[in-house]
Amino acid sequence: MSDELDFDPEELAMLRQLFRQEAHDALEIVTARVLAGGSARPGAETLTEMMRVTHTLKGAAGTVGLTTMVDLSHRLESAFAAVGREPSPWGPSTADLIVEVTDGLRAYLDELAVEPIVAEQSAARIREQIARIATVTDRASYSEIIAPSPQDSLSIPTSALLEGEPPEPVLDAPSDRMDVPEPKSYLRVEPERIDALMSSAGELLFDRTRIERRVQLLRTMSRDLARTRQGLRDVIERERLQQLGETEAELAGQAALLSQTTAALLDEIEALRRTIGDLQRGLVRIRMESARNLMTHAARTLRALRRATGLKVELRTLGEETEFDKAVAEQLVDPITQLLRNAVAHGIESPEERVARGKPAIATVTMRARQDGNLLVLEVSDDGRGIDTTALRDRLIETGRWSQARAQLATDNDVLDALGTGVSVRGDADELAGRGIGLDVVRQAIARLGGEVKVSSTPGRGTSFALRLPLSTSLAQAMLFKVGGQVYAIPAVHVVDTCVVDANVSQTQARHETLPVLRLEGLLGNGTAGERRPGVVVTFAGKSLVCTVDKIVGPREIIIKPLGPLLAPLTLYAAATISGSGKVQLILDPAQLVRRVHPDAPGEVADLTSQPMVLAGRALVVDDSRAIREAMTSMLGREGWIVDVAEDGARALQMTRQLRYDLVVTDLEMPELGGFELIAHLRKDDRFKTTPIVIITSRANPEHRRRAKDLGVRALVAKPITRRKLLEALAAK
Amino acid sequence: MPELRNVIVFAVGVGRYAVELRWVREVVTLGFVTAVPTAPAALGGVVNLHGTILPVLDVAALLDQPAGPPPRQGDGALVLEAEGTVCALRVDQVDHVASLTENEGAVVDAAGRPLTLLDPTRLVRKALEVVTMAAAT
């Protein structure tokens with residue numbers, strides 16, 4: 001059939017790929033609409049939409065030459081038409097059947113791309129299922145098994161019921177309406193491309209963390225230096241050591257320069273942090289998808305559970321429009337399945353019990369997504385029996401996890417927080433979900449995403465599990481391995497290969513090179529070099545080495561967490577991540593590993609100070625704007641000046657009495673003592689008679705220029721100051 | 001001048017200590033403690049608390065006494081915040097909260113037994129110092 005089409009094979013393959021995506025989306029709409037109705041027959045408008053989507057699918061399938069798909073879509077469209085007629089063939093299992101068909105069609109399309117023969121068998125099965133949709137089933141059993149009137153089947157979208165908002169507008173046109181709202185234009189991008197960008201952005205995060213730690217160290221150093229200097233000054237004053245005074249002054253200047261440079265660096269890192277944040281958020285937004293897919297998944301899971309248990313329970317969903325990072329949403333599928341199982345197995349009472357307690361016979365599980373500040377919150381609540389905190393408290397004591405005293409002090413919330421950390425409400429785990437064990441899995445998955453689980457419960461009224469996740473996660477690729485019983489990570493971009501390292505060697509062959517070996521089992525554990533071990537080939541700034549480890553765990557996507565100021569001096573660690581079970585795993589800094597075997601490699605703090613600085617002299621910058629002082633400090637610092645700063649003329653004058661300066665850069669308008677007054681004072685002092693003085697000002701009128709000239713000012717620079725303007729001013733005669 | 005201090009009284013090893021409540025964020029049971037190789041004994045490891053990574057400190061080591069056993073999952077800990085740093089202090093037992101009178105740096109509990117009143121600011125500074133020293137060697 002495809003021979004008759006006007007496409008070359010490559011083009012056709014691409015078109016079919018596009019069709020597959022389109023078909024997935026279309027079938028998902030059908031699934032969502034059917035699930036939205038619970039077990040009830042969809043309304044006329046919904047059916048019309050389902051038919052329209054299927055019809056469009058038929059046309060598209062024809063265009064790309066997929067004849068079987070044309071036939072299947074046609075049959076499905078006809079079956080929907082039959083459902084809409086009276087008497088309708090709709091029965092208790094029809095909704096499930098439709099979902100099976102849409103799921104089947106999607107699987108069929110995927111198979112078609114790889115195994116056409118298998119796909120044809122699937123097509124035959126789907127054809128048979130479609131035929132059953134249009135077949136009238138026993139109506140008596142319908143009303144017997146599922147009793148809800150259409151109003152009772154709470155479902156997507158029902159925000160109106162809780163929030164008092166008007167219901168989502170339902171298509172109200174006659175049943176033959178075919179006009180669809182103008183579709184938004186979308187860009188289809190292969191997910192891999194975005195993932196690649198995401199991982200680059202993740203790398204930036206590593207880089208930033210590394211720089212930040214260096215600067216934190218610098219700050220500590222500069223504080224130490226200031227302290228040492230103070231000590232020195234005390235001695236000098238006490239002992240009247242005049243010659244040392246000058247050296248001390250030098251030291252003071254250097255200390256000030258170091259601290260100012262560090263402060264400027266910190267500002268720049270802050271700017272970098274913001275930019276990286278923007279970049280990551282932007283990328284994440286590209287990958288965002290609404291909570292609808294998760295909700296559809298939940299509806300499907302609940303249907304399966306309902307069939308398995310015979311319990312009567314409906315799903316209510318809220319906040320479907322809330323957006324999640326696709327990667328995060330994928331990680332939420334299992335936890336949500338678990339929570340739904342939990343609710344059905346433990347939360348919901350039998351219909352008889354519910355009626356006896358004055359509740360509706362049909363239980364409701366509510367799934368609600370919302371954004372709360374910087375958090376995404378996904379709540380799964382049931383209106384079941386709630387958790388008996390007294391029993392849970394007893395179990396915590398019985399199992400020896402809590403002491404009597406602790407249990408007495410703990411609030412109900414504390415007790416609920418202990419759920420899923422190894423305690424189950426029921427004495428023995430149920431086959432569907434031991435409430436404790438199941439929640440354990442949920443907690444792990446959420447911890448891995450950097451979030452947490454909050455449990456709240458009211459006895460007799462229900463239980464709610466709130467999954468609280470960070471809105472943007474700092475995901476990065478890393479290679480994980482075990483050393484001395486602990487798992488460590490290295491950013492994946494710096495891990496180029498793995499290999500096996502012989503016992504007792506200090507060099508090994510890897511990637512056609514002889515590379516030095518760093519024994520991590522010695523550095524991080526108590527291991528010896530006496531056996532063959534797996535090795536990780538690490539490269540940084542053009543230098544490589546092989547790190548021996550106990551066991552390679554493999555590449556993983558991890559969330560980067562800062563280690564905090566206390567661990568900053570331990571430069572071996574760049575940051576940390578949290579495992580699925582909530583354990584902290586340290587991330588090794590590849591720069592440090594490389595340095596241990598290549599001592600000349602860059603990246604050590606000492607390198608910063610070993611650079612000989614050509615000193616231009618000591619400068620005093622006087623300006624009431626902190627930003628300008630910082631900017632000038634940084635610019636002059638780069639030219640080799642030791643810079644002191646003063647916020648006004650009075651302070652500057654005070655400083656010049658203590659120290660000589662080789663350059664004074666001053667603003668004109670300042671509180672206390674203005675620029676011209678300062679200069680006038682300075683010129684009266686013998687030490688400053690000929691010192692170069694540069695004025696920086698935002699208003700330079702002829703009168704100013706004349707006064708400046710009279711006072712022997714070297715140059716007058718108009719704000720904003722650029723490096724070029726400053727250099728010109730310094731060079732002026 | 002005697003002053004009234006609202007403190008939490010706790011025991012670590014043979015020592016009994018008090019720390020003012022205003023520094024204490026939480027009393028927690030430690031989760032899995034990850035050892036930090038190359039760190040000094042005063043830094044027993046790191047833990048994950050609500051998604052944040054906290055260092056676990058050994059009070060005895062910070063007071064230049066022999067360090068206690070390394071912290072383990074299930075140990076009690078006080079979460080302190082000082083000097084812009086949040087850290088966990090491993091404890092063997094939390095006794096009670098009390099208003100005690102400080103007299104020239106000395107506090108005694110209700111039974112008249114002396115307690116060491118801790119200054120978290122100094123503890124954090126000391127911790128940074130010993131970690132820096134360990135990193136340098």
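Predicted model: local features only at pLDDT ≥ 70, side-chain atom pairs only at ≥ 80, totals over all residues.
Residues are numbered from 1 along each chain as its sequence is written, chains are lettered from A and ligands numbered from 1 in written order, and side-chain values use heavy atoms, leaving out hydrogens and water.

**The two chains**

| Property | Chain A | Chain B |
|---|---|---|
| Helices and strands | 24 helices, 22 strands | two helices, 10 strands |
| Buried residues | 47% of 733 residues | 50% of 137 residues |

Helices (H or I, at least four residues) and strands (E, at least two) are DSSP runs, numbered from the N terminus. Buried means under 20% relative accessible area, exposed over 50%, and partly exposed in between (1.4 Å probe, protein chains only).

Chain B reads β-β-β-β-β-α-β-β-β-β-β-α along its sequence. A contact means heavy atoms within 4.5 Å. Among contacts in chain B between residues at least 6 apart in sequence, 59% join residues at least 24 apart. In chain A, residues 24 or more positions apart account for 68% of the contacts with a separation of 6 or more.

**A helix pair in chain A**

Helix α20 (residues 626-638) and helix α24 (residues 723-731) of chain A have axes that come within 11 Å and cross at roughly 60°. α20(A) is therefore oblique to α24(A). Angles under 35 degrees count as roughly parallel, over 145 as roughly antiparallel, 65 to 115 as roughly perpendicular, and the rest as oblique.

From α20(A), Met632(A), Met635(A), Leu636(A) and Arg638(A) meet Arg723(A), Leu726(A) and Leu730(A) of α24(A). The residues of this contact divide into five nonpolar, no polar and two charged. Ala, Val, Leu, Ile, Met, Phe, Trp, Tyr, Cys and Pro count as nonpolar, Asp, Glu, Lys and Arg as charged, and the others, Gly among them, as polar.

**Ser222(A)**

Ser222(A) lies in helix α8 (residues 191-239) of chain A. Ser222(A) is buried, with a relative accessible area of 7%. Not counting residues up to four places away in sequence, Ser222(A) touches Leu258(A) and Ser259(A).

Notes: Axes fitted to C-alpha atoms, helices over the stretch in contact; angles between N-to-C directions.
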